[in-house]
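Please read the following points beside the sequence and the 3D view.

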2 protein chains.
Amino acid sequence: SSSPHNPKDSLIDHSEGQLFLSEAFKIILDEVLSKGTSIQQKVCEWKEPEELAELLDLELRAAGEPHHRLLERVRDVAKYSIKTSHPRFFNQQFAGVDYHSLAGRFLSEALNTNLYTYEAAPVFVLMENEVLKSLREQIGWTEGDGIFCPGGSTSNMYAMNLARFQLFPEVKSQGLCGLPRLAILTSSQSHYSVKKGAGFLGIGTDNIIAVNVNDGGCMIPEDLDEKIKLLKSQGAVPFVVSCTAGTTVQGAFDPLEPIADICEKHKIWMHVDAAWGGSVLFSKKHRHLLKGIERANSVAWNPHKLLLAGLQCSALLLQDTTGLLKRCHSANATYLFQQDKFYDVDLDIGDKSLQCSRKVDCLKLWLMWKAVGSSGLEERVNKAFVNAKYFLEEMKKRKGFHLLHEPEFLNICFWFKPPSLRGKEGNPDYQEKLAKVAPVIKERMVKKGNMMIGYQPLKNKVNFFRLVVLSPQVCQKDMDFCLDEIERLGNDL
Amino acid sequence: SSSPHNPKDSLIDHSEGQLFLSEAFKIILDEVLSKGTSIQQKVCEWKEPEELAELLDLELRAAGEPHHRLLERVRDVAKYSIKTSHPRFFNQQFAGVDYHSLAGRFLSEALNTNLYTYEAAPVFVLMENEVLKSLREQIGWTEGDGIFCPGGSTSNMYAMNLARFQLFPEVKSQGLCGLPRLAILTSSQSHYSVKKGAGFLGIGTDNIIAVNVNDGGCMIPEDLDEKIKLLKSQGAVPFVVSCTAGTTVQGAFDPLEPIADICEKHKIWMHVDAAWGGSVLFSKKHRHLLKGIERANSVAWNPHKLLLAGLQCSALLLQDTTGLLKRCHSANATYLFQQDKFYDVDLDIGDKSLQCSRKVDCLKLWLMWKAVGSSGLEERVNKAFVNAKYFLEEMKKRKGFHLLHEPEFLNICFWFKPPSLRGKEGNPDYQEKLAKVAPVIKERMVKKGNMMIGYQPLKNKVNFFRLVVLSPQVCQKDMDFCLDEIERLGNDL
Ligand SMILES: Cc1ncc(COP(=O)(O)O)c(C=O)c1O
Ligand SMILES: Cc1ncc(COP(=O)(O)O)c(C=O)c1O
């Protein structure tokens, strides 16, 4: 072929490019999907930042590099990255791999579609609508609206904006200046995106009123009611109650029925942050945990967590049928949303979003759902509960493991007390010493590399482990390993 | 292997899954990357929504489907989707495929990493820092800060939030209630995300003051200065000037030097929305278009547009070295950003973002940059300018094509006047008739399927075409085809 510098020609060599991609695909299969999911291999390969930076040779230079060098780089990136699909990765609220979803993700990337108009994304406009409809059906809604957002935090922020707009439509054009003090009610255990949203939306984090929770971390409805009354008596306008179905740390489900009664009584928008717990709706056995969710005005639900759809996949779902979402968010840009198109411009859903470019997040979920059906998704959710229960039972048989509270969900929060601390619960420095156990075990764990699990403090409770067991590829032997390993790493402390 | 219903076992069959993924990969290579980039094949396969919905059989059911059926679905999704990498896709501000970037995207998807902490994403924390640093160097900054955002709209909104926080740090906790009226200045041609942001942030779209532009669409600095003075005299607080380097429709570059002088004089945050034009910085020949960008406080830059990094890839870059980004956005969640970790917690960059889960958007850009070097990126930018110039010259040789204005950049805005309208410019119904030409040609084009180009009206200018020529795989023959095809489709109108 002729020189790439000839302006008549293309700068891209498709056959060379496809060869490279195929080679990279083989490395991905090998390093990430085979080795990366094998218990004979490590979850992580700890390196100090300086050493890792050197190994990776990150610097970007004027000259390009040959393919064999780039393939080494693909391998290095894979090698030193955390294997989030490894059966012993319990560190976050996502884990595991679904191959159908992954195929959908590769296809989305290759198509590089921007989901704003039917013209640009005919398949995905229809598909997103269908997926949103099916998610709403799980909630119990036959009608409604919704949109995929880049994460649950954004979904929660959208809900706050909608609640505000519903009450004060003029806020979109006039802003908050001149309005009374607006307030948000949410439990002290809700996700931090409520805080971030309050800052971003100009409401202010001080105007988040933290509703008390019980020991399990569930919102206390009576306290909610009182705090709403107090706010009103102060002349503030509580405009949204953000409940949580599955809190981040404890996995608590706020009692949605009584909260719905209170929201109804006070005419306040009820939002359910079901980013983590929403997927439980697939399980006939466990969906009672979300009883009352159908009374919410909005629901945020992340299939990228419990369902293994892969990052990012978060839906904001609405009961509204009046076009609130579009009215609240639209800017009517004429270069994109022309009104004189030859097809029904209601299909141009992009103006419902605050994004302009928007990735296709529905295909991976759709393909996975087609592959295993709602019944397959139910089976996975149930399996996660079975795993959690098994872990819990095994844990209770051992000395040194102490639960924070009986879990309702898949978050198991516990302390490991090394032998040296057992029976010393009354000592004045006991809490201080206990607080140091989890960080040291975590450090040893990461440096050894065969398991990952998170820890944190919570209010007056010092550092404890939070095991999140969710991946359907996790087996009982992985749970046993987890308990054994914590003992191995911490018994001498 | 034993029954998947045994609670002891994994529900995921890796070898079956990997086989499926490999089959899907072949289909992607074939349908999307080979056929989808061939001028022997169509750009789009138009179907009416009802027909398409039926063809795709979108409904999600209780039961799963066998692999061969799922592979048909992969093929169908590819078949009916728009081929955005086709050399005759000129419809948006992205096009074309880069295989190195695509390999990076597949790897990101397979790794399924969440970019919030060094613990969870060691490679990508370091890599994102390096890529941001290299982007800042193109601007001319040796220091600074930044973050990848899910699109340029979000990057622009972050900038607005930072500007507000810089001036009124108490806004984060106290909200806007009680503050004076805040105002945003931006040209009438700026991207609609400024509007969406003003609504979302509680500032209100009425508080966006549209600065006048010249014929080419560039902000008039004198008008900016006057409008700032007027706002101040009214007791409002203009807190950010959002300039545009490469406007969406006309591709105009606001004059950054004189704007920087005005911002400096009035002590107002200067943001440059370089989502579209930022990549021109790679070109020694053309970077003068952005002269003065180094004086900005913040820059939004989308490598997913002109650089072909693939959706989504947008960086917000800051000159700030005081940790403003983190102070403005942080929520200090203890379950994620523990302070007693065993490594330097400054590496836990996630709290700079308003997202919690955050996709890895840096790897694809990094791998592409490694592959072709800054010089290869420069070559691509220059090639796009050469293509645009060629198109312009060829267009001027033909009857019936009329420019809106001489372009500075890669957006070529023009009317096609069919023979029946030529010489009728004085007729009272001329504008009305001209307005109908582009939509009809577009409809015929999409239904024929071998090219896509957008149209829109702009203020008092009726519907015109906007050709965006950016993909380095576009050749002169594609430009010729575009002109020929418009004539073929519109000559009888
Ligand atoms: C209860 C809850 N809500 C919201 C979120 C935020 O979702 P995302 O990480 O997708 O922004 C999380 C994430 O951990 C969560 O646990
Ligand atoms: C000038 C300009 N700014 C911002 C954006 C928004 O970027 P994104 O589509 O990534 O949200 C665009 C998109 O077209 C644009 O042209």
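1. In this predicted model, a polar side-chain atom of Gln93(B) sits 2.8 Å from an oxygen atom of ligand 2, and Asn302(B) likewise places a polar side-chain atom 2.8 Å from an oxygen atom of the ligand. For Thr248(B), an N or O atom of the side chain is 2.8 Å from an oxygen atom of ligand 2. On its own, ligand 2 has 380 Å² of accessible area, of which the protein covers 99% (areas come from the Shrake-Rupley method with a 1.4 Å probe).

2. The axes of helix H2 (residues 49–56) and helix H3 (residues 67–80), both of chain A, come within 10 Å and cross at roughly 160°, which makes H2(A) roughly antiparallel to H3(A) (the term applies to angles over 145 degrees; helices are DSSP runs, H or I, of at least four residues).

3. Leu52(A), Leu55(A) and Leu56(A) of H2(A) meet Arg73(A), Asp76(A) and Tyr80(A) of H3(A), contact meaning heavy atoms within 4.5 Å.

4. Residues are numbered from 1 along each chain, while chains are lettered from A and ligands numbered from 1 in the order in which they are written. Local features need pLDDT of at least 70 and side-chain atom pairs count only at pLDDT 80 or more, whereas totals for chains, interfaces and linings use all residues, and side-chain values use heavy atoms, leaving out hydrogens and water.

Methods: Axes are lines fitted to C-alpha atoms, for helices over the stretch in contact, and angles run from 0 to 180 degrees between N-to-C directions. Helices (H or I, at least four residues) and strands (E, at least two) are DSSP runs, numbered from the N terminus. Angles under 35 degrees count as roughly parallel, over 145 as roughly antiparallel, 65 to 115 as roughly perpendicular and the rest as oblique. A polar contact is a pair of N or O atoms within 3.5 Å; within protein, one must be able to donate a hydrogen and the other to accept it, and residues adjacent in sequence count only if both atoms are side-chain atoms.
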